[in-house]
Amino acid sequence: MIDRDTATSTTTAALGDLVRIVGALSQHVSTDTARLGLCAVVIETNQIMATDSYTAAIFTPDTAITAGDTVMIDGRELLTAITNAHKTLKRDGAPTVEIVSDGQRWIMTATGATATTTAGGDIIKTDYPNVHAVFNLPPNKFDGWTPTGVNGDYLARITTAHNKLIGKADTPLIIKNWQGNTKPIQFETTTELGTLQQLLMPVRLP
């Protein structure tokens, strides 16, 4: 069990790459502040994930970009910080970014050839759903459901996340696993940065 008051983590990546990764994951971040954990991007040693409880995504980089404990950062705060840094430094060489957590706060430092910009915020300290388990559900988990299909708005999140990570539109959205119309649909996007897995739940009849 990680002590969230002392959890430390360091994430290092090219700034442009992190904009794509967090841009994709932010599609699955909740706006419901009453459930603060669902507003987070969760950074683990080898994966980064997000879920709003209706959709979910896990990004696994080809080369690990994070070392340390698991930390939870407000997804919209993080996206704003790295997007602003990217706008500031986009013509300043090949900027890199480092995000460091001390268990209380996170600090982002983006460094270009001639300039540096920083941002930060408080770490989220709360329980988080077991997203990994949902991606590995047994085939009969949702037996008995009578779905009407999928929620179009949620499907749009999946597509937007895919396009943000790929960096262009008109590329196939791959269905990795779908075992019937009562089962969740799992999508997979593979890039030169790593692999994004996304999951969409079916919709019950009213």
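Tutor: Two strands count as a pair if DSSP finds at least two bridges between them. Keep in mind that this is a predicted model.

Student: Which residue in β13 does A57 stand opposite?

Tutor: Strand β13 covers residues 194-200, and seven bridges join it to β4. The two strands run antiparallel. Within this pairing, the residue in β13 opposite A57 is Q198.

Student: How many of the seven residues of β4 are buried?

Tutor: A residue is buried when its relative accessible area is under 20%. β4 is largely enclosed by the rest of the structure, because the number of its residues that are buried is six of the seven.

Student: Which residue has a side chain joined to that of Q47 by a polar contact?

Tutor: Q47 sits in the loop between β2 and β3. Leaving out residues up to four places away in sequence, Q47 touches V42, I58, F59, T60, P61 and H132. The polar contact is 2.9 Å, and the residue at its other end is T60.

Student: Is Q47 buried or exposed?

Tutor: Its relative accessibility is 18%. The cut-off for buried is under 20%, so Q47 counts as buried.

Student: What arc do the buried residues of α2 cover around the axis?

Tutor: The buried residues in α2 are G75, L78, A81, I82, A85 and L89. They lie on the same side of α2, because the arc they cover around the axis is only 135°.

Student: Why can residues three or four places apart point the same way?

Tutor: The spacing follows from the turn of the helix. Residues three or four places apart point the same way because the number of residues a turn in an α-helix is 3.6.

Student: Which exposed residues are carried by the face of α2 turned away from its buried side?

Tutor: The buried residues of α2 pack against α1, β2, β6, β7, β8 and β9. On the face turned away from that buried side, the exposed residues are K87 and T88.

Student: Which residue caps the N-terminal end of α2?

Tutor: α2 runs over residues 75-89 and reaches 21 Å from its first C-alpha to its last. At its N-terminal end, a side-chain oxygen lies 3.1 Å from the backbone nitrogen of R76, and the residue that supplies this oxygen is D74.

Student: With which side chain does the side chain of T114 make a polar contact?

Tutor: T114 is in the loop between β8 and β9, and T114 is exposed at 73% relative accessible area. Its C-alpha lies 6.5 Å from that of a residue 22 places away along the chain, D92. The polar contact spans 2.9 Å, and the partner is the side chain of D92.

Key. Residues numbered from 1 in each chain as written. Predicted model: local features only at pLDDT ≥ 70, side-chain atom pairs only at ≥ 80, totals over all residues. Heavy atoms only, no water. Helix = DSSP H or I, 4+ residues; strand = E, 2+ residues; numbered from the N terminus. Buried < 20%, exposed > 50% of the residue type's maximum accessible area, 1.4 Å probe, protein only. Polar contact = N/O pair within 3.5 Å; in protein donor to acceptor, adjacent residues only side chain to side chain. Expected span 1.5 Å × (residues − 1). Arc of directions from axis to C-beta. Contact = heavy atoms within 4.5 Å.
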